[in-house]
Amino acid sequence: MSYDPDNIFTKIIAGDIPSHKVYEDDVCISIMDIMPEAPGHVLVVPKAGSRNLLDADPEALAAVIQRVQKIGNAVKKAMNADGILLRQSSEESAGQTVYHLHFHLIPCHENVKRKEHVSGTTANEELAANCEKIK
Ligand code: 5GP
């Protein structure tokens with residue numbers, strides 16, 4: 001199982017496919033997930049290419065997890081969440097559907113059920129509004 005750079009997230013990083021971008025620096029981009037499991041669900045996508053966690057460069061990982069924490073705090077505050085679910089799926093059996101490493105940050109509220117993984121898109125206007133709040 002090797003990394004194939006021809007994937008949707010490299011195209012988003014390159015700006016060839018549009019996204020609602022929450023954050024960008026030399027290490028990563030963070031974008032709104034188009035099929036959010038809860039309002040404010042974002043992805044943190046390292047610019048360094050790897051298939052998933054298992055083949056990632058440890059130094060690149062160390063840098064990106066700092067961004068995951070920073071963006072996680074921004075998501076929690078912006079969405080007024082009680083907590084944050086951090087998820088990273090490596091390989092199909094674990095639920096991975098896009099084969100470029102990424103971390104999900106999903107705002108959680110007490111007693112509010114989240115949607116199923118990749119179970120339906122959300123209106124562009126709602127994604128844009130939540131993106132602005134988190135930014
Ligand atoms: P995985 O299933 O690999 O853990 O997560 C992939 C995520 O990428 C899914 O939650 C899915 O909704 C999201 N996704 C798939 N295609 C696109 C896209 O074109 N743009 C954005 N922003 N998210 C995407």
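Buried means under 20% relative accessible area, exposed means over 50%, and partly exposed lies in between. The exercises below use these words for a predicted model.

**Exercise 1.** State which residue forms a salt bridge with Arg51, and decide whether the two partners are buried or exposed.

Solution. 
- Step 1: The partner of Arg51 is Glu91, and their closest N and O atoms are 2.8 Å apart.
- Step 2: Arg51 sits in the loop between β3 (42–46) and α2, while Glu91 sits in the loop between β4 (83–87) and β5 (103–108). The pair is 40 residues apart and links distant parts of the chain.
- Step 3: Both Arg51 and Glu91 are buried.

**Exercise 2.** Find the residue that meets Asp26 in a salt bridge, and say where each partner lies in the chain.

Solution. 
- Step 1: The side chain of Asp26 meets that of Arg67, at 3.9 Å from N to O.
- Step 2: Asp26 belongs to the loop between β1 (21–24) and β2 (28–32), and Arg67 to helix α2 (residues 58–78). These are distant parts of the chain, 41 residues apart.
- Step 3: Asp26 counts as exposed because its relative accessibility is 65%. Arg67 has a relative accessible area of 17%, so Arg67 is buried.

**Exercise 3.** Classify the two partners of the salt bridge between Lys21 and Glu24, then name the network that they belong to.

Solution. 
- Step 1: In the salt bridge of Lys21 with Glu24, the closest N and O atoms are 2.8 Å apart.
- Step 2: Lys21 has a relative accessible area of 30%, so Lys21 is partly exposed. Glu24, with 38% relative accessibility, is partly exposed too.
- Step 3: Through salt bridges that share partners, Lys21, Glu24 and Lys47 are joined into one network.
- Step 4: For the whole model, the count comes to 8 salt bridges.

Notes: Residues numbered from 1 in each chain as written. Predicted model: local features only at pLDDT ≥ 70, side-chain atom pairs only at ≥ 80, totals over all residues. Heavy atoms only, no water. Salt bridge = Lys/Arg side-chain N within 4 Å of Asp/Glu carboxyl O. Buried < 20%, exposed > 50% of the residue type's maximum accessible area, 1.4 Å probe, protein only. Helix = DSSP H or I, 4+ residues; strand = E, 2+ residues; numbered from the N terminus.
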